[in-house]
Amino acid sequence: MKTLITQSNYIPWKGFFDAIHMVDTLILYDEMQYTKRDWRNRNKIKTENGLQWLSIPVQVKGKFYQKINNTEVSGQDWRQKHWNMLEHNYKKAPYFKRYADELKKIYLSSEETNLSTINRNFIELICGWLNITTTIKRSCEFSLKGDKTEKLVDLCLQLGATDYYTGPAAKNYINTELFHNEEINIHWIDYTGYAEYPQLFGAFEHEVTILDLLFNTGDRASNFMKSF
């Protein structure tokens with residue numbers, strides 16, 4: 001059993017979905033502290049004026065500890081705004097129309113206010129488009145105990161996972177010995193070496209939402225990812 005345990009992101013980039021495709025089960029680890037100016041509530045798109053952020057406004061409760069899964073959005077105006085920006089900038093992309101109806105519906109037919117749930121809804125929609133069949137769970141479905149690494153190991157044990165996948169940044173804080181003691185293999189995901197694809201608006205940019213890849217390449221999107 002292979003697992004990925006990671007915080008949810010808003011309309012994530014292609015590397016996020018490559019990681020999901022590598023494993024049997026994804027655990028959205030939204031028991032973690034919400035961090036400002038991060039990927040939890042925003043991502044980038046390409047425009048004729050360069051890269052631009054799509055940011056969901058959220059309610060931040062001062063300087064106190066606030067979990068991602070307890071974070072609520074501020075109003076619903078962002079939904080129409082984000083959809084309008086996507087439509088304006090990608091309507092001339094070759095495959096925009098293929099995805100437009102489903103994407104518009106998830107933006108404009110929902111009044112969900114919980115950030116974790118919003119992120120999961122977009123992630124599940126995009127996984128469907130990419131034919132990713134990985135099971136998606138949330139960390140709140142499990143009991144959590146111990147320090148940072150102990151929680152991750154314990155989640156793997158509860159799931160019955162033998163292989164744990166994570167990004168290279170985790171090398172800075174993970175105690176690998178705890179995984180080895182439980183005979184759980186750690187796999188460091190390599191996010192380098194992606195091929196470029198036809199893209200609108202000038203110089204190529206990798207660090208944008210995967211919607212950019214889908215709108216521009218359609219069914220060929222997986223050809224420009226690494227795990228397929």
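Which residues is T71 in contact with, leaving aside its neighbours within four places in sequence? I looked this up first, in what is a predicted model. The list I got is Y34, V58, Q59, Q66, T113, N114 and L115.

Then I checked where T71 sits. I found T71 in the loop between strand 4 (50-55) and helix 2 (77-90). Its relative accessibility is 0%, so I noted T71 as buried.

Next I turned to the largest pocket. I noted a volume of about 820 Å³. I counted 29 lining residues, with T6, N9, R40, G167 and Y191 the closest to the centre of the pocket. By class, I have 18 nonpolar, seven polar and four charged residues in the lining. I also asked which elements supply at least two residues each, and these include strand 1 (2-6), helix 1 (14-21), helix 5 (148-159) and strand 6 (163-166).

Helix 5 got its own entry. I noted 12 residues and a reach of 17 Å from first C-alpha to last, close to the expected 16 Å. At the start of helix 5, I saw a side-chain oxygen of D147 within 3.3 Å of the backbone nitrogen of T149. Just after the helix, I read a positive phi of about 80° at G160.

I then listed the buried residues of helix 5: T149, L152, V153, D154, L155, C156 and L159. What covers them? I found that the cover includes strand 1, strand 2 (25-28), strand 5 (135-138), strand 6 and helix 6 (176-181).

Key
Residues numbered from 1 in each chain as written. Predicted model: local features only at pLDDT ≥ 70, side-chain atom pairs only at ≥ 80, totals over all residues. Heavy atoms only, no water. Helix = DSSP H or I, 4+ residues; strand = E, 2+ residues; numbered from the N terminus. Buried < 20%, exposed > 50% of the residue type's maximum accessible area, 1.4 Å probe, protein only. Contact = heavy atoms within 4.5 Å. 1 Å grid on protein atoms, 1.4 Å probe; cavity = no way out; pocket = protein on both sides within 12 Å on 5 of 7 lines; lining within 4 Å. Points joined across faces, edges and corners; volume = space filled by probe spheres on them. Nonpolar A, V, L, I, M, F, W, Y, C, P; charged D, E, K, R; others polar. Expected span 1.5 Å × (residues − 1). Polar contact = N/O pair within 3.5 Å; in protein donor to acceptor, adjacent residues only side chain to side chain.
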